[in-house]
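Open the model in your viewer and keep the selection tool at hand. We will go stop by stop.

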Amino acid sequence: MDIHEYQAKEMLKRFGVSTPRGGIAYSPEQAVYRCSELSGDKWVVKAQIHSGARGKAGGVRICATEEEVADAAQWMLGRRLVTHQTGPQGKLVNRLYIEEATSIAQEIYLGFVMDRKLERVVVVASAQGGMEIEEISANEPDSLIRSVVDPAVGMQNFQAREIAFQLGLDPTLIPAAVKTIIGCYRLMSETDANMVEINPLVVTKSNEIVALDAKLAFDDNALFRHPDISELRDKSQEDPRETYAGDRGLNYIGLDGKIGCIVNGAGLAMATLDMIKMAGGEPANFLDVGGGASPERVLMSFKAVLNDRNVEGILVNIFAGINRCDWIAEGVIRAVKELDLQMPLVVRLSGTNVEEGRKLLADSGLNITTASSLAEAAEKVVGEWKAAQMKEAS
Ligand code: GDP
Ligand code: MN
């Protein structure tokens, strides 16, 4: 789960990391009021969306007058901001963060990620911050500092100092840099975050170290331990298809294709996506219905898949161990009837009660194609989908 920049900064502050003073605003009037509260003569208006690269998209504006602040706020609020991380549909801006502007002497990149291969937290830092880490590693791979944290002891002072020195920071800044690095690491481990990214971490003209931007992502499976963080969830920033499915307890991930998938087991679901691609189609989603899926759960899965308006064909692939093919078939039949399904539907059943399941489908009199292997099912659904496309075109 992601949270907004201002929420991330609030948390960082609690762990001893310096951030600029700021306040939240939901309207241009509130934005201007925040400026008077902050005083000073320069402010930054920042769109709060779950995405980086807002600057290039117009979502970060430095303003020198209250009129400019009001104009920037007016422009951003209610807009779907499109960055290269949001996809073409963009993300809705419904709140702003107004900050006192900072005079920047140097921009640094500081990131903490989980390295799955090493099973360790890895710190990535670069003295050339400000831009995307992908750009930095492509253009100046040697400028990247990497440091692996031993989970048995956590981030140590000497290790943080080493990173600070490698960044080439002035010796007077080392204590503040160490405090920042240790603070980020403690936040990461104590809150079960799986990413902490400060880009840029800046050295100000008055020689201070300040986190100018902040991005935090948390491990969904650990959120039950952090009710205060769970409350920060902002559904307006999520893929609505995933919110819909997630609220119904389904394990669903939205993709860009046309073929909806209902599968049991995460591994089989991944294999199904591959087979659809190999057959020349594009999957619209990953969906694992889980073991022991009742007819109601199958019906619910159909609703979640069809909630994506791009779906033009559906593949149901069940290898029943704990599941029962007759229950699945019952759910499929209910879905076709209740949802008045008109698009190509291919069902592959295998395993427990497969004969009963196949008989139910055959006796239903509904337009359902069956297949006995996964490869056959993938080819059939893509074939039928293409045929339907041709028919529509002619
Ligand atoms: P992002 O584009 O979503 O990563 O948003 P950031 O918060 O990182 O802001 C983008 C860029 O705007 C930063 O890299 C800075 O160069 C600039 N910026 C943001 N806040 C300030 C500020 O207070 N003062 C100055 N001079 N530049 C700022
Ligand atoms: Mn940034």
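Which polar backbone atom lies 3.2 Å from an oxygen atom of ligand 1? Select Asn-199: the backbone atom belongs to this residue. A caution before moving on: this is a predicted model.

**Stop 1: ligand 1**

Color the strands next. β2 (43-47), β3 (60-63), β7 (104-115) and β10 each give two or more residues to the shell.

Now display the residues around the ligand. There are 17, and those that come nearest are Lys-46, Arg-54, Gly-55, Thr-102 and Glu-107. At Thr-102, a polar backbone atom is 2.8 Å from a nitrogen atom of ligand 1. At Glu-107, an N or O atom of the side chain is 2.8 Å from an oxygen atom of the ligand.

**Stop 2: the manganese ion**

Return to Asn-199 and select ligand 2, the manganese ion. Its protein donors are Asn-199 (O) and Asp-213 (OD), at 2.1 to 2.2 Å. Trace the chain between the two. Asn-199 sits in strand β10 (residues 193-204), while Asp-213 is in the loop between β11 (209-211) and β12 (215-218). They are 14 residues apart. Both Asn-199 and Asp-213 are buried.

**Stop 3: Asp-115**

Go to strand β7 and select Asp-115. Follow its side chain to two backbone nitrogens. The nitrogen of Lys-117 is reached at 3.0 Å. That of Leu-118 lies 2.9 Å from a polar atom of the Asp-115 side chain. Then look beyond the neighbours within four places in sequence: Asp-115 is in contact with Arg-120, Val-122 and Arg-146.

**Stop 4: helix α12**

Select residues 354-363, helix α12. Which of its residues are buried? Val-354, Gly-357 and Leu-361 are. Turn the view to look down the axis.

Now show what covers the buried residues of α12. The cover includes α11 (325-338), β17 (345-351) and β18 (369-371).

End at Gly-365, which follows α12. Check its backbone: phi is positive, near 70 degrees.

Conventions: Residues are numbered from 1 along each chain as its sequence is written. Chains are lettered from A and ligands numbered from 1 in the order in which they are written. This is a predicted model: local features need pLDDT of at least 70, side-chain atom pairs count only at pLDDT 80 or more; totals for chains, interfaces and linings use all residues. Side-chain values use heavy atoms; hydrogens and water are left out. Buried means under 20% relative accessible area, exposed over 50%, partly exposed in between (1.4 Å probe, protein chains only). Helices (H or I, at least four residues) and strands (E, at least two) are DSSP runs, numbered from the N terminus. Contact means heavy atoms within 4.5 Å. Donors are N, O and S atoms within 2.8 Å of the metal (3.2 Å for Na, K and Ca); water is not among the atoms, so sites may look incomplete. A residue is near a molecule or strand if one of its heavy atoms lies within 4 Å of it. A polar contact is a pair of N or O atoms within 3.5 Å; within protein, one must be able to donate a hydrogen and the other to accept it, and residues adjacent in sequence count only if both atoms are side-chain atoms.
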